[in-house]
Amino acid sequence: MATSTHSAAAASVARPSRSLLQDVMRRLFKDPVVVLCVLYLSVLIVVAINPSAFAPLSYETTSFPDKLAPPGAYATSEKLTGFRYLFGADRLGRDILSRLIYGTRVSMAVAFLGAGISFLIGVTYGLVAGYSRARIDNVMMRIVDIIYAYPTLILIILLQVFLTSLAQQPAESLNAFQTLLVTLDTRSGGLFFVFVAIGAVSWLNMARLTRGQTLHYRQQEFVQAAHLVGATDRRIMGRHLLPNIIGTCIVAETLAIPAYIYTEAFLSFIGLGVQPPMPSWGSMIADGYGALRSAPHVIFFPALALSLTMLAFNFLGDAIRDAMDPRLRNR
Amino acid sequence: MRRNHLWYGLALLLVLLVLAACTAAPAAPGEANAPAAPATSGEALTLRLATVSEPSTLDPNLAEDYYSITPIEQMFLGLTNINNATSEIEPELAESWTVSDDGTVWTFNLRQDVKWSDGNPVTANDIVYSVRRAVMPETASPYAYVLYSIKNAAAINQTEIPTATYDIESLGVKALDDYTVEFTLESPAAYFESISSMWTLRPVPSWAIEQFGDAWTDPANIVVNGPYKLVEWRPGEKLIFEKNPDYFAADNVQIDRVELNIITDQFTEVALYEKGELDVAGEGAASLPAEEVARILADPVLSAEFHQGPRASTTYVGFTMTKPPFDNVLVRKAFSAAIDRETMVRDVVGSGVPATQFAPPGIFGAPDPEVGLGYDPEQAKAWLAEAGYPDGAGFPTVTYRYFSNSLEEALAQALQAMWKETLNVDVQLEAQEFPVFLASTAPDVPVEEMPEMWRLGWGADYPDENNWVYEVFHCTDSQNRPRAACTEADAKAKQAGIETDPEVRKALYAEVEQLMFGEEVRVAPYYHRGYTILTKPYLQRAYPTFAPVNWDTWRIEK
Amino acid sequence: MLRVIIRRLLWFIPVFFVVTGLTFVTMHALPGGPFDSDKTPPALIQQMEEVFGLNRPVPEQYLIWLSNVAQLKFGPSLSARGKPVEGFLLPGLAVSAQLGLFALLFALAVGVPAGITAAMHRGSWRDRSATLVAIIGVSVPAIVLGPVLQYIFALQLGWLPVAQWESLSAGLIPYLSHIILPAVTLGAGLSAIIARLTRASMLSVLGEDYIRTAHAKGLARRTVTVRHALRNALIPVVTYLGPLAAAVLTGSLVVEQIFAIPGMGRYFVSSISARDYPMVMAVVVLYALIIVGVNLVVDILYTVIDPRIGHGN
C-alpha cells in the first residue's frame with residue numbers, strides 16, 4: 001500500500017480533492033466479495049499468530065486406532081472420549097482440523113514472505129531495468145538470465161542442503177555470518193532456510209514480467225509527455241509507470257503463491273523443509289496423496305484451505321488493481 | 001500487415017511442434033531392433049509387469065539393487081538357485097557339489113548342455129572369469145564384499161590401485177576342467193552354498209565384455225544363458241524380454257515375452273492393474289502404502305487377487321551405544337520395549353510382520369519363534385525408572401534421524417508418539433535427504449555428531465544368518481554401526497559361520513539373536529517388511545520370501 | 001534480428017561457465033557421495049570413487065569434465081553404471097518436449113479466450129466464474145488433479161488409457177489418447193496463469209486511448225478487440241511464456257510420475273539425490289540451453305508482436 005500513496009493519476013497532473021488512498025479504499029470496500037476476502041484473510045492471520053488458541057487438539061496428538069477416521073467420527077481412545085474429528089483424522093490418527101490450524105502458520109508465512117520478497121525485489125528490479133534500457137538494462141537482465149539458467153530446483157536443493165549441513169557442523173567451526181544464519185534458522189524452526197531458498201529464486205519471474213510491462217508503457221504518449229514537462233526518472237517510474245503495471249504484477253504474484261506453498265511441501269518431503277510432525281498445508285496435501293482413493297478427506301481439507309486462500313488473494317488482487325487503475329477513476 | 005505478424009507467431013509455435021515431433025520420431029526406438037512382430041502373432045503369450053525403478057545395471061558382477069537383480073535372474077544362471085516356492089537351494093548350472101572335510105574347498109560339477117545365446121558353451125572358465133572380474137578393484141563392484149569368504153578375495157579387492165598391485169591368480173577359484181570349478185575359502189563357511197546362488201559370481205561372457213565394454217548389456221550386444229533375453233530397453237519407459245530359444249530348458253518356459261514397465265508411482269501401478277493393463281502390481285516395489293492396502297482389502301475383486309507375506313528385510317532403530325544416555329542398556333531396553341510393534345505393522349505400515357529379533361523368517365538360522373525383546377509398556381517404564389528417569393523425568397531431549405520418504409516419515413512420527421506415550425520422553429525428529437543421511441550416520445562419523453537414535457534397515461543378500469548378525473553387527477568384522485563393544489555374542493556369531501553342522505549353527509544363532517537384541521539391545525528391530533502383490537487370477541506363480549522371482553516357472557492360463 | 005540471435009547465442013558461453021562451475025563446486029561440497037550405501041564397506045566405497053576419478057581435486061575434475069564436454073561426452077551415469085547420461089536425457093527430452101508443447105497449447109487455448117472473456121465482461125458473473133475456475137485450476141495440485149482425471153476418464157469411463165507413453169510411430173490415435181490426460185494435468189495450472197494474465201493486461205489495454213479512438217471511429221467491437229487490443233495484451237503473456245515453457249519442460253516431474261511418462265523430469269531430482277555428478281552436470285547444461293533457447297524465441301516473438309520494441313538500442 002505504501003507505493004499507492006505516491007502514485008498519482010497518470011497523465012493528469014492536477015487532482016487535488018481526495019487522496020488516492022482514500023479513493024482506492026472507498027471503491028475497494030464497496031464490493032461485498034472484497035469484504036469477505038479481507039475477513040477471511042484476517043481470520044487466517046489471527047489463527048496463524050496463535051494456533052493453539054483455536055485448535056481443539058495438538059498437531060501431534062496421535063491415536064492410531066482412529067487412523068483415516070471420516071469427518072464427524074468420534075474418537076475411540078479413552079483419552080479422547082467424546083472428541084469428534086470434525087474434518088476426520090489422518091493416517092496416524094491425528095485430528096485434521098487441528099493440523100490444518102497449525103499448518104496455517106507455516107503456509108501463511110511462506111505465502112506472505114515468499115510473495116513479499118519476490119514482489120519487492122522483482123518489481124523494483126524489473127522497473128529499473130525496463131526503464132533504463134540500453135546498457136544498464138542489458139547488464140541487469142543478463143544477471144537475471146544467469147540465475148535463470150540455473151535449474152530452480154537444483155538451486156533450492158543445493159542451497160538447502162548446504163545451509164542445513166552448516167547447521168549440523170559443530171558451532172565452533174563456523175564464522176560469524178554462518179552462525180547468524182544457523183541461529184536464525186533454529187529460532188524459526190527450520191523455516192528461515194526455506195524462505196532464503198524460495199526468495200532467492202522467486203523474484204526472477206516478477207522482474208522479467210515487470211520489465212516487459214515497463215518496456216511497453218515507456219513507449220506510451222503519457223510517459224513521453226511527462227518527460228517533456230521535465231519529470232524526474234524516479235517520478236516517472238513511481239507515478240506514471242508503476243500504477244499501470246502494478247495490477248498485472250499483483251495478479252501474477254498471487255498466482256505464484258501455491259508454487260511457494262508447494263515448494264515448502266516439496267522441501268519438507270525431501271527432508272529439507274519444516275521438520276515433522278509440525279504440519280504445513282503443503283505437507284498435509286503430500287501426506288493425503290497416499291489416501292486419495294481410500295480416504296479423500298485427508299487431502300480435501302488442506303487443498304480446500306489452499307484454494308480458498310488463493311481465491312481470496314486473487315479477488316483482492318483484482319479489486320486492488322481495478323481500484324488503482326488511473327483510467328477507471330472517473331467511471 | 002500486423003495481423004500477419006500474429007500468424008507468424010502462431011506458425012512459429014507450429015514449427016516448434018513439428019520439430020518436437022521429428023526429434024521424437026528417431027528417438028523412439030522400437031523400429032530399429034524390434035523383434036519379429038510379436039504383437040501381431042496372436043499366439044505369443046505376453047506378461048506385463050512393472051518395476052518402480054529402472055535397473056541401474058544388467059551386469060551381474062555390478063548389480064546391487066532389487067530392480068537390477070530381478071532381470072538379471074531371468075537372463076543369467078547361477079551355480080545354484082533358490083527355489084521360489086520352498087526357499088531351498090537347488091541345482092542350476094551345477095548338477096552337484098562337494099565340500100572337503102575341513103569345509104574350505106568347494107567343488108561344483110557343471111551341466112554340460114548349457115549354451116550362451118551366441119552358441120558358445122558355458123564352462124568353468126566363465127565362472128572363474130566372472131569371480132575374478134567381480135573381485136578386481138578396477139571393476140569397482142559394490143557387491144564384491146559378499147565374495148570375501150573366498151581365499152584372498154578381500155586382499156585383492158582392497159588393493160589400493162593404481163599404486164599397489166595384486167596377483168589375480170592367487171584368488172581361490174580355479175577351473176579343474178571345462179565343467180568343474182573349485183573354490184578355496186579363507187575359512188570354513190557353511191553359508192557358501194547360499195552365496196553360490198548369488199548374481200555376483202554368475203558366469204558372464206568374457207568375449208562380449210572385452211568387445212563391447214560397458215555397452216555389453218545393451219540389447220544389441222547382450223549374450224545370455226538363462227531363460228529370457230533382453231531385446232529392447234527404452235530408458236524410463238520399459239524393458240522387453242523374450243524367451244531365449246537356446247536356453248537348455250526352453251521347453252519348460254511357457255511365457256514368450258515379458259514387458260517390464262517402469263512405473264514410479266505405486267498408485268498408478270495399481271490403477272493400471274485395475275484397468276487390466278498390467279498382470280501383476282506391487283511386485284517391483286516396496287510394499288504398497290497402508291492406505292492402499294486397506295482399500296484393496298475392502299474391495300471384493302482386488303482382495304481376492306491380493307497376496308502378502310514376509311520379505312527378507314528388517315527395519316530397526318539404531319542406538320549410538322557410546323553416547324549417553326544410550327550407553328545405558330536399561331535405556332535401550334526401555335526404548336525398544338516401548339515400540340508397539342503390532343500397531344506399527346497394522347496401522348502405520350499396513351503390511352509386514354512384527355519383529356523382536358533381527359533375522360526374518362525364511363533365513364537359515366533365524367530363531368522360530370522369534371527371540372529378543374517385544375512390546376511391553378509396563379516393563380519399559382520400569383526400565384527407564386531403574387535407569388534413573390522415572391516417568392521420563394530428567395531425560396534429555398534426544399534425536400531420531402531418518403531419511404525422508406512417505407513411509408519413513410510416518411514411521412518416525414509413530415515412534416516419536418509411542419516413546420512419548422509410554423516413556424514420556426521428548427524425541428526430536430530430524431529428516432534428511434538420503435545421501436546426507438547416509439553420510440551423517442556412517443560408521444566413521446564422530447560420536448558427538450551422531451544422533452542418539454537413527455533409522456536402519458537390512459535386506460538379505462543371501463538367506464543365511466551369517467549375512468545378518470555376523471556381517472552387520474560383529475564388533476570388529478562388520479561396520480558395527482551401533483558401535484558395540486565385543487562380547488560373547490560376537491564370538492558366537494563368528495563361530496556359527498564356521499561350524500558345519502546345521503543344528504549347531506541354528507542353536508548358536510538363537511543365542512546370538514537373544515543376546516544382541518534381547519539382552520544387550522544393540523538395536524531395536526520392530527518389523528520385517530512384507531510383500532504386497534496383486535496378481536491376476538489367470539497367472540500361476542510363487543511368492544518367494546527372499547529370492548528374486550523366476551519368470552520361467554510362471555504360467556498363464558486364460 | 002540476426003544480430004539479436006547471434007548475441008543471444010554468444011551469451012550462452014558465459015552462462016555455461018558460471019552455471020557449470022557453480023554447480024560442480026556446490027555438488028561436490030554436498031555431504032554424501034554417489035556410492036554411499038549402508039551396506040557397502042567404506043573401504044570399497046573409497047575404491048569405487050578412485051576408479052571413477054572422484055578422489056581427485058575438484059578443480060582438476062572440472063577441467064577433465066570440460067575437456068570431455070568439448071568432445072560432446074557427458075560421461076557415464078554413476079547411478080546407472082556404465083551408461084552414458086545422454087542415453088537417458090535425450091530420449092527423455094524428446095518426450096518431455098512433446099508433453100510440454102501439448103500442455104502449453106492446451107493452456108493457451110483455454111487461458112487466452114477465458115482471459116479475454118473475463119476482461120470484456122469485467123465484474124460480471126462471467127468474470128467471477130472465470131476467476132473461480134482459474135484459481136481452482138492453479139491451486140489444485142497435479143498430484144490431486146492427475147489421479148482424479150485418471151480415475152474418471154480411464155477407470156470409470158474407460159475413454160482414455162490410465163497412463164504410460166506411446167510414441168507417434170504407434171499411430172496418431174494411440175499417441176494422442178495417451179498424451180491428453182497428462183497434458184491437461186500439466187496445462188491446467190498454466191491455463192489459469194495465462195487466463196489471469198490475459199485478463200489483467202487486456203483490461204489495461206482496453207482503457208488506453210488508441211482503443212477508445214478505435215471505438216470512436218465506429219469500428220466493430222470484435223475488430224477492435226482482436227486487431228488492436230489483443231496484440232498488446234499478449235505482451236505480458238509472451239513474457240511469461242519463456243518461464244512457463246521452461247517449467248513445463250522440467251517441472252513435469254509429478255505429472256510424468258503419475259502418468260508413467262518416460263520424460264526427463266525425473267533426472268532433475270533423482271540425479272541430485274543420487275549424487276550422480278555427470279548426470280547433474282548434463283541436466284544443468286541442458287537446462288541452460290533450453291532457457292537460452294526459449295529466451296531467444298520469446299525475444300523473436302516480442303519483436304513480432306510489438307515492433308516498437310527494437311533491439312538496436
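Predicted model: local features only at pLDDT ≥ 70, side-chain atom pairs only at ≥ 80, totals over all residues.
Helix α5(A) goes by α1(C) in a right-handed crossing. Residues are numbered from 1 along each chain as its sequence is written, with chains lettered from A and ligands numbered from 1 in the order in which they are written.

Packed helix pairs are described by the angle and the distance between their axes. Here, α5 (residues 134-148) of chain A and α1 (residues 2-29) of chain C have axes that come within 9 Å and cross at roughly 50 degrees. That angle is why α5(A) counts as oblique to α1(C). The label covers whatever is left once angles under 35 degrees are called roughly parallel, over 145 roughly antiparallel and 65 to 115 roughly perpendicular. Axes are lines fitted to C-alpha atoms, for helices over the stretch in contact, with angles running from 0 to 180 degrees between N-to-C directions. Helices themselves are DSSP runs (H or I, at least four residues), as are strands (E, at least two), and both are numbered from the N terminus.

Who meets whom? On the α5(A) side there are A:R142, A:D145 and A:I146, facing C:W11, C:V15, C:V18 and C:V19 of α1(C). By class, this contact has 5 nonpolar, no polar and 2 charged residues. Nonpolar takes in Ala, Val, Leu, Ile, Met, Phe, Trp, Tyr, Cys and Pro; charged is Asp, Glu, Lys and Arg; the others, Gly among them, are polar.

Within its own chain, α5(A) pairs with α8(A): their axes come within 10 Å and cross at roughly 145 degrees, this time left-handed. A:M141, A:V144, A:I147 and A:Y148 in α5(A) sit against A:L204, A:A207, A:R208 and A:R211 in α8(A). That contact divides into 6 nonpolar, no polar and 2 charged residues.

**Chain A as a whole**

Chain A has 12 helices and 2 strands. Of its 331 residues, 53% are buried, which takes 20 or more other C-beta atoms within 10 Å of a residue's own, against 12 or fewer for exposed and in between for partly exposed, with C-beta atoms placed from the backbone. Among chain A contacts between residues at least 6 apart in sequence, 70% join residues at least 24 apart.

**Between the chains**

Chain A brings 47 residues into contact with 48 residues of chain C, where contact means backbone-placed C-beta atoms within 7 Å. On the chain A side, α12(A) gives the most, 10 residues. That side has 29 nonpolar, 11 polar and 7 charged residues.

Chain C also touches chain B, using 52 residues of chain C and 56 of chain B. The largest share on the chain C side is from α4(C), with 9 residues. By class, the chain C side has 29 nonpolar, 15 polar and 8 charged residues.

**Chain B's domains**

The bounds below come from an automatic or database domain assignment.

| Domain of chain B | Bounds |
|---|---|
| domain 1 | residues 42-53 + 219-308 + 533-556 |
| domain 2 | residues 66-213 |
| domain 3 | residues 311-531 |

The C-alpha centres of domain 1 and domain 2 of chain B are 28 Å apart. There, 28 residues of domain 1 contact 25 residues of domain 2. On the domain 1 side, β8(B) gives the most, with 3 residues. That side splits into 16 nonpolar, 10 polar and 2 charged residues.

How values were computed
Contact = placed C-beta atoms within 7 Å. Left-handed = near helix turned anticlockwise from the far one by under 90°.
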